[in-house]
Amino acid sequence: FTVLPLADAARQLADGQLPELAACITFDDGYANNLDVALPILRRHGLTATVFVATGLLGNGYMFNDTIIESMRACQTPRLDLSALDLGHVDLGDNAARAAAAGRLIERFKYEPQAERTEYAARIAERAGLTEPPRLMMTPDELRRLHAAGIDIGAHTVSHPILTQLSATEAQEEIDASRGMLTDLLGSAPQTFAYPNGQPGQDYGPAHVEMVRNAGFACAVSTAARCATGSDDPFELPRVTIWSATSAKLTANLVRLYMSG
């Protein structure tokens with residue numbers, strides 16, 4: 001693949017000038033391991049990437065799913081009693097069981113209102129004995145270091161909400177405030193945006209696409225799982241997630257999606 005900066009690739013795609021086998025690398029949310037782990041690997045291979053940051057999570061911020069994951073990791077018993085939350089008893093017998101439990105709980109609460117899912121995650125953490133969760137997100141200073149190293153920083157709202165669950169005013173504030181905060185932190189306005197969770201029609205709609213377009217971004221990405229084509233709106237570009245467990249499976253998945261595009 002020829003790896004390109006996202007905004008450049010979006011522009012070349014729209015102009016019909018994109019080289020064959022072009023790709024962009026993106027990371028969501030603003031985790032500290034984007035700086036500590038990903039950046040050295042990107043540098044070693046001479047690659048660039050975009051990191052989409054939920055600005056309100058910088059520092060000690062936590063998303064509900066991370067609270068659940070860390071609760072499953074921290075629990076000291078092989079079974080966790082969540083019957084008081086109408087969630088029964090959760091098997092935590094080994095790492096695979098803990099990962100599966102976290103996945104089920106995240107799916108259970110993903111589309112609950114943001115305040116409710118945060119409250120449930122906190123109550124799960126209390127019952128699991130998670131008292132001091134590790135810091136997962138970059139600090140503002142770490143984000144500046146990542147930006148100074150040549151990594152594109154894109155906006156990802158402030159608090160990572162499901163935009164379709166918000167009023168139009170709230171959604172606009174999430175989009176505009178994230179862009180403003182990154183501009184203040186980095187000294188230049190972000191050109192790229194990622195819709196939280198990112199499923200078209202479910203997590204965001206046409207009105208949110210227009211909000212992002214009118215906010216001054218150059219392009220935006222969803223999580224629709226396919227390769228981008230010249231007919232795609234630059235403000236609804238699809239993305240291929242790379243959850244494959246092996247290099248062979250990842251390669252096969254990329255080839256399948258590339259050919260289907």
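Analyst: Helix H5 covers residues 114-128, and at 1.5 Å a residue its 15 residues should span 21 Å; the C-alpha atoms at its ends are 21 Å apart, which agrees. The expected span is 1.5 Å times one less than the number of residues in the helix. Helices here are DSSP runs of H or I with at least four residues, strands are runs of E with at least two, and both are numbered from the N terminus. This is a predicted model, in which local features need pLDDT of at least 70, side-chain atom pairs count only at pLDDT 80 or more, and totals for chains, interfaces and linings use all residues. Residues are numbered from 1 along each chain as its sequence is written, and side-chain values use heavy atoms, with hydrogens and water left out.

Within H5, the residues Arg117, Tyr120, Ala121, Ile124, Ala125 and Ala128 are buried. They cover an arc of only 140° around the axis, which places them on the same side of H5; the arc is that of the directions from the helix axis to the C-beta atoms. On the other side of H5, Ala115 and Glu126 are exposed. Buried means under 20% relative accessible area, exposed means over 50%, and partly exposed lies in between, with a 1.4 Å probe and protein chains only.

The cover over the buried residues of H5 includes helix H3 (64-74), strand S5 (79-81) and helix H4 (95-109). Just after H5, Gly129 adopts a positive phi of about 80°.

Methods: Contact means heavy atoms within 4.5 Å.
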